[in-house]
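Here's a quick tour of the model below, taken topic by topic. Have a look at it first, then read on.

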Amino acid sequence: MPEIALKGISNFILNNIHLTVRDRELLVLLGPNGAGKTTLLNTIAGFTTYNGLISFNGNKINAIPTRKRGIGYLFQDLALFPHLDVFTNISFSLKIKKVSQNKIISRVGELLGLMRIEHLKNRYPKDLSGGERQKVALARALASSPEILLLDEPLAGLDLRTSKNLRIEFHNLQRKLGITTIYVTHDQNEAEEMADRIVILYNGKIEQIGTPYEIFFAPMNEKVMNFIGEPNILTCEYCNVLGNGLIKVECGGISITAPHDGDSIRKIAIAPAHVHVYKDRPPGPDINRFNGKIVEIIPLSFIVRFKIKVKRNIFIAELPHERAKDMNLKVGEKVFLLLKLRWIKTLNERLLT
Amino acid sequence: MKNRLKQLKPLWSILPVAIFLGVWEIVTRLGLIPGKYFFPSFSTVIREFYTLMSSGILVDNFLKSLQRVLIGFFTGSIAGLFIGIMMGWKDSINNAFHPIFSLLYPIPALGWLPILMLWFGIGEILPIAIIFICSFFPVLYNTITGIKTVNRDIVKVAETLGASNLKILLTILLPLAIPNIFTGLRLEAGMAWRVIIAAEMVAIPTGIGALLMRAESLLRIDIIIVCLMILSVMCLSFEKFFLFLEKRLTDKWK
């Protein structure tokens with residue numbers, strides 16, 4: 001599988017993009033709407049004009065037309081061929097390559113099996129559910145074994161459950177096929193779960209490239225922080241392994257239980273959106289629930305940000321405006337915090353950035 | 001009960017027609033409308049239809065009209081389809097032809113009659129040329145629209161899957177434009193009959209339209225009604241035929 005190298009790519013939105021996608025890597029392009037994510041995919045696919053240089057495995061491909069670039073592209077709206085049934089949709093690229101009918105049947109069968117959609121073979125797109133369409137579109141993109149896969153928000157518009165299941169399936173599939181993949185999303189959780197590395201794109205510029213951990217623990221500048229949220233990062237003074245993948249850490253006078261498999265960690269982090277604020281003590285066991293006092297309230301455009309002091313720590317929490325209004329919180333008020341176990345991230349190695 | 005109602009459904013659409021014909025027959029028989037010749041009864045019309053059929057007059061004129069419609073419609077549609085495909089496919093061709101076609105399109109088909117009469121004279125070419133013009137434009141524009149309104153992402157996806165431009169045209173754009181193309185064909189199939197009658201009434205001495213005019217000068221209202229009924233049935237069956245074809249071609253995926 002090739003490595004994709006972009007050198008100084010610029011056009012109407014992209015601004016001097018330098019990026020190398022490694023062989024077999026799943027790279028996630030993360031950024032708000034209008035950041036240029038789709039444009040970057042279109043540039044690689046050859047749909048938009050640009051200045052700069054794109055190469056696959058060191059071979060310059062600027063002059064090569066889309067249809068010869070060997071790319072599988074999953075569009076946001078999927079763009080299944082409505083007049084062709086599932087089998088014909090998937091076999092489209094194989095027919096163009098004049099693959100023999102026997103081979104087409106076996107290859108499509110293989111893909112239908114891989115996606116577990118054999119029963120849909122003869123249906124037309126109008127008779128498929130959202131998740132099924134997604135799978136058919138992916139199978140079609142993979143049919144002629146492209147070396148590069150571009151996915152444009154493939155899970156947008158699906159219900160949460162389907163989206164979660166497909167996310168896992170995509171991820172496993174990408175690992176299995178080892179296909180160099182660029183995955184566009186504006187969903188941070190999706191990015192963190194899927195990515196080998198994340199690229200934060202903002203107004204056509206790359207603001208940060210790093211592993212999900214690097215991005216999350218060490219957002220490089222204001223823009224990244226604004227987008228992914230400046231996390232609460234606590235330095236751990238003392239660790240106690242609980243077993244079953246859990247660890248108990250002391251940070252600034254409170255003890256927090258966190259998911260972790262090793263025996264020591266240096267820091268834990270939790271995003272402000274995942275610090276839950278309550279007026280009354282939340283029910284449940286006395287784990288990761290703390291008393292705190294509001295020290296500052298900062299209304300922002302989409303959310304209200306709270307700074308809450310818990311012993312020697314200051315937690316940042318973010319609530320949607322309506323929720324904050326309903327709770328009618330004031331500076332100096334005592335509140336309860338709940339940190340949900342699954343959103344606590346742990347770090348035990350020194351970061352490079 | 002519900003099932004029985006369903007079985008009766010065809011009856012419900014026939015019933016009003018039957019009542020209409022019945023009322024017509026009774027009203028004229030009872031002489032409620034003065035002047036027997038100005039409003040013949042339904043049975044008189046049917047009898048006249050039979051007479052015209054057996055004498056061969058109706059068949060001859062009908063075949064003349066049918067032949068003109070078919071030739072004009074066929075050639076006009078093929079030309080509209082072909083140029084429409086080229087214009088929908090390639091922007092450069094569209095840009096080149098669009099101004100001239102959009103100037104010619106608003107002229108009603110019959111508006112061409114005087115100039116075509118002078119150019120071609122009164123003969124078989126004249127009505128066929130009129131029908132050609134009347135079929136060409138709607139098919140042209142519907143074909144262009146059909147191709148242009150195909151989701152661009154579908155075209156792009158086909159490109160990433162390795163399809164050449166020609167392949168995309170043949171396997172993606174044309175099949176997806178079928179509903180639009182058939183809308184054009186269907187509208188025109190009916191329109192062609194309306195236009196041919198008008199042309200024959202004004203300028204050509206044979207065909208259903210000419211028969212209409214002759215009937216008028218002889219005050220034969222029964223013949224006029226026969227002609228109008230034939231016209232109505234032909235318009236309808238041509239339109240239904242294309243509706244049926246379209247359904248057959250797109251029912252599975254639309």
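Start where the chains meet: 17 residues of chain B are in contact with 20 residues of chain A, contact being C-beta atoms, placed from the backbone, within 7 Å. This is a predicted model, where local features need pLDDT of at least 70, side-chain atom pairs count only at pLDDT 80 or more, and totals for chains, interfaces and linings use all residues. Residues are numbered from 1 along each chain as its sequence is written, while chains are lettered from A and ligands numbered from 1 in the order in which they are written.

**Chain B's side of the interface**
- Helices H7 (152–160) and H8 (165–202) of chain B each put in at least two residues, and H7(B) gives the most, with six; helices here are DSSP runs (H or I, at least four residues), strands likewise (E, at least two), numbered from the N terminus.
- That side splits into eight nonpolar, four polar and five charged residues (Ala, Val, Leu, Ile, Met, Phe, Trp, Tyr, Cys and Pro are nonpolar, Asp, Glu, Lys and Arg charged, the others, Gly among them, polar).

**A helix pair in chain B**
- B:Leu113, B:Leu116, B:Met117 and B:Phe120 of H5(B) meet B:Ile125, B:Leu126, B:Ala129 and B:Ile130 of H6(B).
- The residues of this contact are eight nonpolar, no polar and no charged.

**Positive phi**
- A:Asn16 isn't a glycine, yet its phi is positive at about 50°; it sits in the loop between strands S1 (4–10) and S2 (17–21) of chain A.
- B:Leu219, also not a glycine, has a positive phi near 60°, and lies in the loop between helices H9 (208–217) and H10 (221–250) of chain B.

Conventions. Two residues are in contact if their C-beta atoms, placed from the backbone, lie within 7 Å.
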